[in-house]
Amino acid sequence: MANQISAIRGMNDIYGDEAVAFDYLIGTAEKTLKQYGFNSIRLPIVEKTELFARSIGEVTDIVEKEMYTFADRNGESLTLRPEGTAGCVRAIVQNGLSHNQIQKLYYTGSMFRYERPQKGRYRQFHQFGVEVFGLATPDIDAELIVLTARLWEQLGLENLELQINSLGSQEARVAYREKLVAYLSEHKASLDEDSLRRLDSNPLRILDTKNPDMKTIVEGAPKLIDHLDEESKAHFETVKSHLEDIGIPFVVNPNLVRGLDYYNRTVFEWVTTELGAQGTVCAGGRYDGLVEQIGGKSTPAVGFAMGIERLVALLMDKQFVPAMAQADLYIVTAGENTSRPGLVISEMIRDAFPKINVQMNCGGGSFKSQFKKADKSGASFAIVMGEQEVENKEVALKSLRVEAEQKTLKWDDLINHLNTIFNA
Ligand code: ATP
Ligand code: MG
């Protein structure tokens, strides 16, 4: 045998119950988004590197050390998307989708980040992303949060905490940045290596540190929320009162700054304590400056992304996921010239009953081995076609789960009879 080839570290195969949970989550999210008037958008997985550098920010973790960047055969620098917003904004601008119109969009797919793989953190992972373009008012910020709360309810997920904050305007942040740098510079001795490096380039990101030794320093820092411009303050107050009106509990986390540079005003995260360190399952906020930054006309925007693997882990723990596909009817065909009419009958049943799961025994085998497979398939009935049945243009219908007498049915009567079972 040849050497086996394994997958790349941090890039997982998703199968079995986990694959069912993935589909269930995505299907449920799509239904919720449609309820709020969103449409699907499908975007490329590879973009020009410059797009991410310009939008996510040069001095973020993602751009500094997490991107899968490579030269294509023409020598152009390309990157596997680490997130979906940049590509979505690029698409909006390129296709002229934001001129005098509102866009409410969702997408799902793989994202790539070269991180240290651990529970809830992978190198290829999946997001379900939502973006709204063309709305500047706080009602839409609130509605996005509300729709995620509705989705958790539909998924049966409890105990998720909503954290919100406001990053204010660009100008307010510049003024705040000076105060923060002054404070952090006084405590230089206690800063870790990453933070020292960021002190000049991107001091706000120090607030987002995951290093527990930095906790005290960060907690003592001046708060951006105390330095907001008046308009952002009013915007934030309205978001909060909408959430209160609808009855969605939240906590204001003044250190919530998010790992990407493009946010302003509202930012939020849904956090759980049930997944260990990787507790954020959904994160987003407003990014009014990004469309212009990518070369479009100034367009307000707000969005979020859910981490599918982390939500799936929660669903699997709670066993809210439907079971893997189970057959309803299994077709056993044994003997000379039985599989051809077997296939015809199975198609006839599928035509008549689009919702039932019909499994034809492909691959042959004795009656005994086929009944074993029928049993394993979960089907409640087997249709048996041996040589005798085929000769008489009949099938035998056998109950697999409860005691019941076997019935012999003419091919012509089969659909009518199955109607009494499956459409009763
Ligand atoms: P974290 O702080 O956990 O690194 P982030 O701020 O980098 O998250 P975002 O870029 O906001 O994450 O992505 C949105 C969501 O995607 C996260 O809240 C998380 O649920 C999920 N996510 C991000 N990176 C990964 C990863 N490497 N593996 C699995 N899920 C991820
Ligand atoms: Mg990250």
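In this predicted model, a nitrogen atom of ligand 1 sits 2.6 Å from an N or O atom in the side chain of E115, which qualifies as a polar contact (a pair of N or O atoms within 3.5 Å; within protein, one must be able to donate a hydrogen and the other to accept it, and residues adjacent in sequence count only if both atoms are side-chain atoms). On its own the ligand would expose 590 Å², and the protein buries 92% of that, with accessible areas taken from the Shrake-Rupley method and a 1.4 Å probe (for residues, only the protein chains shown count as cover).

As for ground rules, residues are numbered from 1 along each chain as its sequence is written, while chains are lettered from A and ligands numbered from 1 in the order in which they are written. Local features need pLDDT of at least 70 and side-chain atom pairs count only at pLDDT 80 or more, totals for chains, interfaces and linings use all residues, and side-chain values use heavy atoms, with hydrogens and water left out.

The shell around ligand 1 holds 16 residues, the closest being R113, E115, K210, R258 and T280; a residue is near a molecule or strand if one of its heavy atoms lies within 4 Å of it. By type, the shell splits into 6 nonpolar, 4 polar and 6 charged residues. Here Ala, Val, Leu, Ile, Met, Phe, Trp, Tyr, Cys and Pro count as nonpolar, Asp, Glu, Lys and Arg as charged, and the others, Gly among them, as polar. Strands β6 (124–133), β10 (280–286) and β11 (301–307) each supply at least two shell residues, and β10 gives the largest share, 3 residues. Strands (E, at least two residues) and helices (H or I, at least four) are DSSP runs, numbered from the N terminus.

β1 runs parallel to β5 (residues 103–112), joined by 2 bridges, and S40 stands opposite Y106 in β5.

β3 (residues 68–71) runs antiparallel to β4 over 4 bridges, with A71 opposite S77 and Y68 opposite L80. The hairpin of these two strands has 5 residues between them, and G75 takes a positive phi near 85°. β4 also pairs in the antiparallel sense with β2 (residues 46–48), over 3 bridges, and E47 stands opposite T79.

Then there is an open sheet of 5 strands, again with mixed pairing, in the order β13-β12-β14-β15-β16. β13 (358–360) and β16 (407–410) are the edge strands, each pairing on one side only. Neighbouring strands are turned by 25° against each other on average, direction ignored. Axes are lines fitted to C-alpha atoms, for helices over the stretch in contact, and angles run from 0 to 180 degrees between N-to-C directions. β12 (residues 329–333) pairs with β13 in the parallel sense over 3 bridges, and L329 has V358 as its bridge partner. Helix α13 (residues 367–377) packs on this sheet, touching β12, β13, β14 (381–385) and β15 (394–399), at about 170° to the direction of β12; contact means heavy atoms within 4.5 Å. Helix α15 (residues 411–422) packs on the sheet too, touching β12, β14, β15 and β16, and makes about 125° with the direction of β16.

Conventions. Pairing = 2+ DSSP bridges.
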